[in-house]
Amino acid sequence: MYRIGIDVGGTNTDAIILDELHQLIHSVKSPTSLDIKTGIEASLRKLLQESGIDKTQITHAMLGTTQCTNAIVERKKLATVGVIRLGYPATASVPPYTAWPNDMVEKLSGNYALVHGGYEYDGQVLGEVDENEIRELLAAWQGKVESIAVIGVFSSIKNDQELRVRDLIHEVYGEEYPVSCSSLIGSVGLIERENATILNAALCKVIETTTQGFVNALEEEGITDAAVYLCQNDGTLMSIDYAKQFPILTIACGPTNSIRGASYLVKIKDTMVLDVGGTTSDIGVLQDGFPRESSVAVEVGDIRTNFRMPDIISVGLGGGSIVRVDEGGRITVGPDSVGYRIGEEALVFGGSTLTTTDIAVRLGLADVGDRSLVSHLDEAFAKAVQAEISAIVEQAIDKMKISSGDVQLVLVGGGSIIIPDSIRGVGGMMRVENGSVANAIGASIAQISGQYEQIYIYAREPREASLADAEAKAVKQAVLAGADADTIELVEVEETPLAYHPENATRLRVKVVGKMK
Amino acid sequence: MRYLDKASIEHIAIGAAFLGTGGGGDPYIGKLMAISAVEKNGPVKLYSVDEIGDEDFFIPAAMMGAPSVSSEKFPNGSEFVKVFQKLARYLGEDNIAGTYPMEAGGVNSMIPIVVAAQLGLPLIDCDGMGRAFPELQMVTFHLDGISATPMAITDEKGNIGIFETIDNKWTERLARAATVEMGASALVSLYPTTGAQMKRSGVHHVVTLSEQIGEIISSNHRDAKEKLQELLTLVSGYELFQGKIVDVIRETKGGFNLGKMNLEGIEAHTDGNMKVHFQNENLVAERNGQVVGMTPDLLCLVDYETLTPVTTESLKYGKRVRVIGLPAHAKWRTDKGIQTAGPRYFGYDYDYVPIEELVKKAVADHV
């Protein structure tokens, strides 16, 4: 039994094989191709040829991809979307697409409708759904939109109206027609949840091509029996069917995979992880083996959203960061970098640009390239540069801390050789073997999760009953995503009380995780 | 007179959220409402208080309710005009000369802009608090004996109510009950006032001040330290603390969002700690166990790096902030002002001491 994990990064496409004991059998790296597909195929072929394993023994194949992120940032391959907001006459003061970049609205066709519906904060009906109103709308949109986003006021309390509208759309446009319901995507905050739902709807074609491409690539290499999964941004996996419903959840799965992979490699579940690349470094926090989630609105392609995202900060520091001294004698490191040209441009490789890697080699922290090419650098100067690197890392780590004590830090990524062994605020630092493919490892060890969020009124439904209800609904989500129901456990509970409510209304969010079926 | 455009609105929203001292609602949704209204109806005229006639009649417009509700179920837009016109007709005043904000806060600095844009009325550079406060009688007009009622209240469904109350505390009680029934979010018009009353009893210049604060905070070509210096000079404020939120204890009681947060010192305050108590708005700050700022003076929490205002609803474990204290408007420092919104009103067992004296004392103790 083997598992294959592939992670498509900005620069490299990494592929690995794990055996049934999760031991790393083989790993390869190849350049990410412009169309992504060719790069995946090349990595896969190289991986299978070099390892020589029996292909029929491959039971699982996972893909971590940045294609959805790229599609949004580059405004490419996006579907035209119709937005149905259930809540009229409330909410009309801010129509959908307010404050969106114009080019994005044009790409998505800008179609929207405010129709009757929605709930109050305590679950009472704000407005009933008018079936005729929806049918008329669908008749008018026939052929104009390729995907529909449905957003109901306070659907996080009750989402039956959203689901009813979804059924109506399927009835009129056919079962296969892509519909995104906001209650399954974001949390309280209508505009941010609506924005996330619209983006999810716009990604339906991208995810279709991506998943189909991956399945085809596997088949071409003779892997036909493996269960195929996509990586989500919380460090867990989803089945292809699930991914087609929630493509937005693939956004930011790369850094998540790295920190999950790092945790696996060092066998530590609670730690901070620093993943150093060529140009930037990502810092994330693992809590009980999973990345800490961001609790603030996150912008994706200049659009404010509130769907689940990992709490990760990026700093402009990597193995290729350019080192300079300004007129006043002040040393700066990055944020610009020689990037993938490090093999030609860094001093140790015979180039003419001073990089962080050159400093690491000069100080004996790393042994790459030709050491003699940096021997002319003054040691005191190199140490001063190192102090600057430490300062950047130190500040970034401090921002992620939640208490003043020292943290443990796990270092991964190809650029991690530039990080000094001692950083203020860090108690223990661990460097990881195979850390450079931590992302692909993270992709292949992932479990399946389910999440549910709703506002409960504890005065009417006691806390224990509310928790049980939310957990049952999260378990249902996990099973839908491909988890084995018998292995599911509760990993996270978050409660936020609401102001103004006389009966102690609380927003409750739970998350469960289980093994793959 | 000058015009408010999209850029001014962005700045006012940020500056008012700063003066909102943690309360006053989500600046984001308020800003989107105002921008939508201005895009549809054109820019809004802003008059200074000196430019209005003594006999003219003005009605403020505001939103009442839980910010987390209004970020989900926000208004239709037409209820502003409706509630406004209802009150005008009830008062028998056909000619309303303009509108103005009730409080400086993320949402309520924006609602009058929406009304002004929709009705083609001017906005007056004046409000009734100069900050945000949790209750309807905590208004400078109240301090001068002006009645909050007749008051009109409405929801997006079309329900409208008119209150005539025996005093302004009753207005608060009844309006709050109606707001909860209306879905924890309602639109109100109250404290109808003449130009002369605004000149005498309002907090002047607050829209412009909000805009100036917003401009400083959102400028991105200076570092946090420079921006902070400029901000403190503008508002005659003090940086009381640099810290990280390490604990937030919350409670919802009687429709208020109550609680306290503990901050652990960072950077310049590494060995210290601070406790900030809030009821929708920040009320009292204690540094190392000693009170260094209290209501009605302003206690503003801003992001450590960007100086973006932090609302009490978005307090987050681990967030790095600066705590800034500003002296309240002179009207709040009168006996009636302190009685209405001073520490004892909120249940703290000590007398009001102005922030500049507390800061002076803290410096003296330190030396």
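So, Asp144(B) and Lys331(B): they pair up in a salt bridge, with the closest N and O atoms 3.7 Å apart. By salt bridge I mean a side-chain nitrogen of Lys or Arg within 4 Å of a carboxyl oxygen of Asp or Glu. The count between domain 1 and domain 2 of chain B is one.

Quick housekeeping: this is a predicted model, where local features need pLDDT of at least 70 and side-chain atom pairs count only at pLDDT 80 or more, while totals for chains, interfaces and linings use all residues. Residues are numbered from 1 along each chain as written, chains are lettered from A and ligands numbered from 1 in written order, and side-chain values use heavy atoms, with hydrogens and water left out.

Now the domains. In chain B, domain 1 covers 2-206 and domain 2 covers 226-365; those bounds come from an automatic or database domain assignment. Their centres, over C-alpha atoms, sit 25 Å apart.

What about the interface? 35 residues of domain 1 of chain B contact 31 of domain 2, contact being heavy atoms within 4.5 Å. About 2500 Å² gets buried between them, with carbon and sulfur atoms giving 65%. That's accessible area (1.4 Å probe) lost on putting the two parts together, summed over both. On the domain 1 side, Phe18(B), Thr21(B) and Leu143(B) supply 28% of the area buried against domain 2, more than any other three residues.

That's the picture: two domains in chain B, and one salt bridge between them.
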